[in-house]
Amino acid sequence: MLEDLKNASAKTVGTKQTLKAINAGKAVRVYLARDVDEYISERIKRECEKNNIPIFYVDSMKELGRICGIDVGAATAAILREADRKEV
């Protein structure tokens, strides 16, 4: 599943962009780091549940950031529908 995120042509990285994609109906799969702040974790879980989007957990923010190709940690990321390749 992590390879899917790494190779996705359309994705978001970060809490704000991921929440925006979820609420716009563009996210098909969300990745959440296990070591994020509980407030962020609960907010992402609630929105994913409301929109029937599966969540996949990654061990750490550092690992999620690396998978997304950035040099800093990432709390969340999402794969977008192919039709939604434009930036969210």
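**Before starting.** I'm working with a predicted model, where local features need pLDDT of at least 70, side-chain atom pairs count only at pLDDT 80 or more, and totals for chains, interfaces and linings use all residues. Residues are numbered from 1 along each chain as its sequence is written, and side-chain values use heavy atoms, with hydrogens and water left out.

**The sheet.** I looked up the strands (DSSP E runs of at least two residues, numbered from the N terminus, as are helices, which are H or I runs of at least four). Four of them make an open, mixed sheet, ordered S1-S4-S2-S3; pairing takes at least two DSSP bridges between two strands. S1 (11–13) and S3 (55–58) are the edge strands with a single partner each, so one side of each has no neighbour in the sheet. On average, neighbouring strands here are turned by 20 degrees against each other, direction ignored.

I then checked S2 (residues 27–33): it runs parallel to S3, and four bridges link the pair. Val-30 has Ile-55 in S3 as its bridge partner.

**The helices.** H2 (residues 15–23) packs on the sheet and touches S1, S2 and S4 (76–80). Contact means heavy atoms within 4.5 Å. The direction of H2 makes about 40 degrees with that of S4; axes are lines fitted to C-alpha atoms, for helices over the stretch in contact, and angles between N-to-C directions run from 0 to 180 degrees. H3 (residues 38–50) touches S2, S3 and S4, at about 160 degrees to S2.

**Glu-47.** I found Glu-47 in H3. Is Glu-47 buried or exposed? Its relative accessible area is 11%, so I noted it as buried (under 20%; exposed is over 50%, partly exposed in between, with a 1.4 Å probe and protein chains only). Setting aside neighbours within four places in sequence, Glu-47 contacts Leu-19, Ile-22 and Asn-23.
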